Amino acid sequence: MQAEQVLRQNDVGQFTKPGPRQYPHQWNWDSALIALGLSHFDLERALIEIRSLLSAQWQDGMLPHIVYHDAPSDYFPDPGFWQIESSPNAPPIPTSGITQPPLLTTVIRCLHARHSIPDFVREVYPALLRWQRWLHTARAANGSGLVYIIHPWESGTDDSPRWSQTLASISPQNLTDFRRGDIRHVPAAERPYQDDYERFIYLIEIFRQQGYQPQALRVHSPFLVQDVLFNTLLYRADQDLLALARQLGEPTIEIEEWLERLRANFNAYFWDEARGLYNDYDLRAQRRIEVNTAITFVPLFAGLPNEAQARRLVVEHLENPAEYAPDRDIRYYLTSTSKAEPAWEARRYWRGPVWIILNWLVWQGLRRYGFDHLAETLRQDSLELITRSGFREYYDPRDGSGCGSVAFSWSAALAFELESGTVMPD
Ligand code: DGY
């Protein structure tokens, strides 16, 4: 199968590149999904992928967003740029100094449910617990149990218009000269704007000056956001960690407390009853970020909305041709930003293109709430995009043409899942 070829082609032994030229190192949440894909034809190799990622865990528990195992590349920021040695917690392997959405525990629980790997679960459980504990402590604010992120790259949806206003309030001072690597292999029109990119880099300069100390970053990072996607995936990861803890006979009280607090506050902080949407919360500006993007549907994946909220999300938004449903111009689900947003663009990164990961998460969420017909449409659209344009990083929702990286690993990995039609255990 072609999906297997893509994963084999991007396999460098110890880890799998998310994209052959655009992303030549190991990325955290990509790697979790890649392991899920690999498990369809080589379970042992899938476990190696996970062990490699965990080998770069920081002393305090953080699991970094990029691990630079070996070979130099033309990727920017290069490992030296991060200066992680300014932190006493940095691991011996070069990594970035920030994290990414926590999908790993959910994937491991799924692998265990499908293949029964109790020894592996026992081996990695302490590292998973430490990472999630780190998120719940180093990134805790306002007693809500919701965690915050400090950089758009931590959201995984880098140039989402949800971040525009916050980024616009940041004025980079004495920014080092740098050369973007991301527009060497992909047209600039499909990548973040230069202004946003400068702020991405400027934030890293602030973090390295602060030695990546969580307390100092809480004070000094101008970007401090409680993100709906990140907290949804953490909630789900906590549920999966709890299931694993029970199977291993490990203590569960701490995890149960995380779940309880997160569940109690998720809807209070993020749900906008007037508009029937989930919004992120900007902790610095102390305001809801009222931008309508497809992230609003992801809480369905973790069972966080009640039935009435789920219905509003679907009826008022997902099926609404002015926002997300296909219309005369748009042929495919699911545009990553509502068409009604002024920032919407068909081919630019997270401003509009279809991403297989979002379709996969929302497909499972819709199944969970019984919207089976619409779920099936998302699944079919995803498979059609792949058949039509190959395993691309994202797709133009108007005609399904491919954008971003070619031979994109997680699109290949998730093709196995979407084709089999099997949702993850909940
Ligand atoms: C990039 O380089 O664009 C990545 O998204 C950062 O993680």
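Is Cys 403 buried or exposed? In this predicted model, Cys 403 counts as buried, because its relative accessibility is 0%. As for links between cysteines, the structure holds zero disulfides.

Attention now turns to the ligand and its surroundings. The space that the ligand takes up is the largest cavity. Around the ligand stand Tyr 23, Trp 27, His 65, Tyr 75, Trp 153, Asp 158, Arg 191 and Tyr 349. By residue class, this shell divides into five nonpolar residues, one polar residue and two charged residues. Readers may like to locate these side chains in the structure above before following the individual contacts.

For Tyr 75, an N or O atom of the side chain lies 2.5 Å from an oxygen atom of the ligand. In the case of Asp 158, the separation between a side-chain N or O atom and a ligand oxygen is 2.6 Å. The side chain of Arg 191 likewise places an N or O atom 2.7 Å from an oxygen atom of the ligand. On its own, the ligand has 230 Å² of accessible area, and the protein covers 96% of that area.

Definitions and conventions:
Residues numbered from 1 in each chain as written. Predicted model: local features only at pLDDT ≥ 70, side-chain atom pairs only at ≥ 80, totals over all residues. Heavy atoms only, no water. Near = heavy atom within 4 Å. Polar contact = N/O pair within 3.5 Å; in protein donor to acceptor, adjacent residues only side chain to side chain. Areas by Shrake-Rupley, 256 points an atom, 1.4 Å probe, with all protein chains shown as cover. 1 Å grid on protein atoms, 1.4 Å probe; cavity = no way out; pocket = protein on both sides within 12 Å on 5 of 7 lines; lining within 4 Å. Sits in = over half its atoms within 2 Å of the grid points. Nonpolar A, V, L, I, M, F, W, Y, C, P; charged D, E, K, R; others polar. Disulfide = S-S within 2.5 Å. Buried < 20%, exposed > 50% of the residue type's maximum accessible area, 1.4 Å probe, protein only.
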